[in-house]
Amino acid sequence: MASQLNQVFMNMLINASHAIGDGNHGKITIRTGTENGMVWVEFSDTGKGIAPENLNRIFDPFFTTKPVGKGTGLGLSLSFGIIEKHHGRIEVESEVGNGATFRVWLPVRQSREEKT
Ligand SMILES: Nc1ncnc2c1ncn2[C@@H]1O[C@H](COP(=O)(O)OP(=O)(O)OP(=O)(O)O)[C@@H](O)[C@H]1O
Ligand SMILES: [Mg+2]
């Protein structure tokens, strides 16, 4: 479980840094908290944001806006699957030109099968 969640968080960070781009002094903010037996981890960036027409496609396998060789479009779809398997959920908010925020929710306690 831990290594899969590492993969999720690593993809969030790489996505945020790609959205910020070169030499822009962007900022990535990570926040966390707990609520009603769930823990949340939130990644906010000051990058270029996500177009509204793409917001419901970013979790699709192979959906990418990156040039060939830079992205496969699998990061968020794999992340979605991992989070779902752990009975969590993922939320996204973004405005073009104003960055993006991804919030991952996971139950504090996992059942036995999901601990491995
Ligand atoms: N923080 C973000 N800011 C702006 N756009 C984002 C952000 N995170 C994801 N996206 C958009 O969602 C698309 C899909 O992301 P995903 O992580 O699934 O694939 P990828 O990063 O393009 O490729 P891969 O992760 O497989 O290397 C990205 O191509 C980008 O358009
Ligand atoms: Mg990615």
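I began with Thr-64 and ligand 1, where an N or O atom in the Thr-64 side chain is 2.6 Å from an oxygen atom of the ligand, a polar contact being a pair of N or O atoms within 3.5 Å. I noted that this is a predicted model, in which local features need pLDDT of at least 70 and side-chain atom pairs count only at pLDDT 80 or more, while totals for chains, interfaces and linings use all residues. Residues are numbered from 1 along each chain as its sequence is written, chains are lettered from A and ligands numbered from 1 in the order in which they are written, and side-chain values use heavy atoms, with hydrogens and water left out.

I then looked up two further contacts to oxygen atoms of ligand 1: a polar side-chain atom of Thr-72 lies 2.5 Å away, and a backbone N or O atom of Gly-73 lies 3.0 Å away. Ligand 1 is surrounded by 20 residues, and Thr-64, Thr-65, Lys-66, Thr-72 and Leu-76 are the closest, where a residue counts as near if one of its heavy atoms lies within 4 Å.

Which protein donors does the magnesium ion (ligand 2) have? I found Asn-11 (OD1) and Asn-15 (OD1), lying 2.2 to 2.4 Å from the ion, with donors defined as N, O and S atoms within 2.8 Å of the metal (3.2 Å for Na, K and Ca); water is not among the atoms, so sites may look incomplete. Both Asn-11 and Asn-15 lie in helix 1, four residues apart, which is about one turn of the helix; helices are DSSP runs (H or I) of at least four residues, numbered from the N terminus.

Notes. Helix = DSSP H or I, 4+ residues; strand = E, 2+ residues; numbered from the N terminus. Polar contact = N/O pair within 3.5 Å; in protein donor to acceptor, adjacent residues only side chain to side chain.
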